[in-house]
Amino acid sequence: MTIFSVFAKSGANPQAGGYYKFNKQFLEPVPFPNHVFEPNNTLIQKLAEYYDVIIKLMREYEKAIEKNKSYFVGVISRKWNEVDKLCNELYGVTEHDWNEIKKVGRELSRITGEEV
């Protein structure tokens with residue numbers, strides 16, 4: 001969830017290697033759309049499905065030989081983009097807001113953990 005990461009980083013202490021310290025005191029002020037967490041919410045159900053899909057793809061990526069890893073990077077990246085879109089919908093993020101969030105961006109790949 002890029003949006004959650006950007007919100008959390010805004011109050012967290014930067015650490016060495018591009019990491020951030022996300023102790024409880026830094027996470028509490030992060031806005032979280034609790035009002036949408038209802039059992040029948042289709043967005044929540046879709047996010048849960050993406051979790052399962054991404055976990056499976058990450059396991060396949062880890063087992064893949066080097067020449068096949070780029071295939072999994074592309075597929076997993078697309079799935080993460082879809083997760084971001086769902087999360088933006090949950091938060092009610094406008095296109096303008098999303099462009100601002102993307103300017104902050106990600107410092108580490110969600111797939112490899114390396115700097116992007």
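These exercises walk through a predicted model of one protein chain.

Local features here need pLDDT of at least 70 and side-chain atom pairs count only at pLDDT 80 or more, while totals for chains, interfaces and linings use all residues. Residues are numbered from 1 along each chain as its sequence is written, and side-chain values use heavy atoms, with hydrogens and water left out.

**Exercise 1. Check the span of α4 and find its buried residues.**

Step 1. Work out the expected span, which is 1.5 Å times one less than the number of residues.

Step 2. Apply the burial rule. Buried means under 20% relative accessible area, exposed over 50%, and partly exposed in between (1.4 Å probe, protein chains only).

Step 3. Pick out the buried positions. In α4 they include Lys 69, Trp 80, Asp 84 and Asn 88. For the chain of 116 residues, 31% count as buried.

Step 4. Look past the helix end. Just after α4, Gly 92 has a positive phi of about 70°.

**Exercise 2. Describe the largest nonpolar core.**

Step 1. Define it. A nonpolar core is a set of buried Ala, Val, Leu, Ile, Met, Phe, Trp, Tyr and Cys residues joined through side-chain atoms within 4.5 Å.

Step 2. Find its centre of contacts. The largest core has 22 residues, and Leu 47, Phe 72, Ile 76 and Val 83 have the most contacts inside it.

Step 3. Name the contributors. The elements giving two or more residues are α1 (2-9), α3, α4 and α5. The most come from α4, with 8 residues.

Step 4. Follow one residue. A contact means heavy atoms within 4.5 Å. Leaving out residues up to four places away in sequence, Leu 47 touches Val 83, Leu 86, Cys 87 and Leu 90.

**Exercise 3. Find the salt bridges and say where their partners lie.**

Step 1. State the rule. A salt bridge is a side-chain nitrogen of Lys or Arg within 4 Å of a carboxyl oxygen of Asp or Glu. The count comes to 3.

Step 2. Start in helix α3 (residues 42-63). Glu 60 and Lys 63 both lie there, 3 residues apart, about one turn of the helix. Their side chains form a salt bridge at 3.6 Å, N to O. Glu 60 is partly exposed, at 32% relative accessible area. Lys 63 is exposed, at 63%.

Step 3. Move to helix α5. Lys 103 and Glu 100 meet in a salt bridge at 3.0 Å, N to O. They too sit 3 residues apart, about one helical turn. Lys 103 is exposed, at 64%, and Glu 100 is partly exposed, at 38%.

Step 4. Take the pair of Asp 84 and Arg 110. Their closest N and O atoms are 2.8 Å apart. Asp 84 lies in helix α4 (residues 66-91) and Arg 110 in the segment after α5 (95-104), so the pair ties together parts that are 26 residues apart in sequence. Asp 84 is buried, at 3%.

Notes:
Helix = DSSP H or I, 4+ residues; strand = E, 2+ residues; numbered from the N terminus.
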